[in-house]
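Student: I am new to this structure. Could we go through it step by step?

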Amino acid sequence: MLHPINWSLALPYYAAALAFGYLLGSIPFGLILTRLAGTADLRAIGSGNIGATNVLRTGRKGLAALTLLLDAFKGTVAALIAYRYGGQDIAVLAALGAFLGHLFPVWLKFKGGKGVATYLGLLIFFAWPVALAFAVIWLATAFLTRYSSVAALAASAATPVILWQAVYLQEAKLFALLTVLIWLKHTGNIKRLAAGQEGKIGRGRQRADVDEPTPGGT
């Protein structure tokens with residue numbers, strides 16, 4: 001919970017933190033890297049998503065890995081800078097802004113990624129032991145089910161609970177909100193899972209909307 005504050009004084013700083021996080025989070029690294037590499041427009045291939053999975057469909061594994069890292073650590077960097085200059089509450093707002101920027105980038109008509117990589121990057125900043133737990137849950141679920149979407153949903157659902165039990169109370173509330181957004185962005189995946197049409201990890205498919213090939217899928 002945000003500490004008691006004088007809103008007339010704090011509001012401009014809070015707005016600036018949210019805007020800063022949003023602008024940093026909205027950088028579409030997958031699209032930028034593939035364009036610099038001279039590949040096809042990322043939005044015109046595969047799922048049309050800007051995440052690492054779709055970058056992988058260009059055949060450029062190095063670019064996919066770099067996209068994954070950059071999408072994760074833009075969240076980490078946004079929170080880190082905000083914390084450095086404004087403290088915990090400012091960092092929380094910058095983190096929320098970064099996540100929203102990745103999901104709804106203004107530069108791409110608000111059509112962004114699904115947020116799992118940025119979620120993990122933020123988790124690394126706020127509670128790195130819980131980020132490790134997230135990765136373990138993702139890997140275990142992916143191994144058992146062979147569905148990367150199920151792994152992302154399970155790991156994100158568990159995260160706020162783990163944070164709360166570990167007494168990261170403010171962070172638990174933030175990540176509960178981020179988890180809801182992740183689930184909303186995976187609505188299509190959930191529908192395909194219910195219909196038995198979701199593609200499994202390692203199995204070829206003509207078109208997919210899943211953007212989490214690894215624990216930090218975007």
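Student: Which helix gives the largest share of the nonpolar patch?

Tutor: This is a predicted model: local features need pLDDT of at least 70, side-chain atom pairs count only at pLDDT 80 or more, and totals for chains, interfaces and linings use all residues. Residues are numbered from 1 along each chain as its sequence is written, and side-chain values use heavy atoms, leaving out hydrogens and water. The patch covers about 910 Å², and Phe73, Val77 and Trp128 are among its residues. The largest share, 5 residues, comes from helix 4.

Student: Is Trp128 buried or exposed?

Tutor: Trp128 lies in helix 7. Buried means under 20% relative accessible area, exposed over 50%, partly exposed in between (1.4 Å probe, protein chains only). Trp128 has a relative accessible area of 56%, so this residue is exposed.

Student: Why is helix 6 largely enclosed by the rest of the structure?

Tutor: Helices are DSSP runs (H or I, at least four residues), numbered from the N terminus. What covers the buried residues of helix 6 includes helix 4, helix 5 and helix 7. Helix 6 is largely enclosed because the number of its 11 residues that are buried is 9.

Student: Which residue forms a salt bridge with Lys74?

Tutor: A salt bridge is a side-chain nitrogen of Lys or Arg within 4 Å of a carboxyl oxygen of Asp or Glu. The closest N and O atoms are 3.4 Å apart, and the partner is Asp71.

How values were computed:
Helix = DSSP H or I, 4+ residues; strand = E, 2+ residues; numbered from the N terminus. Contact = heavy atoms within 4.5 Å. Patch = residues over 30% accessible without salt bridge, like charges linked within 9 Å, V, L, I, M, F, W, Y side chains within 5 Å. Areas by Shrake-Rupley, 256 points an atom, 1.4 Å probe, with all protein chains shown as cover.
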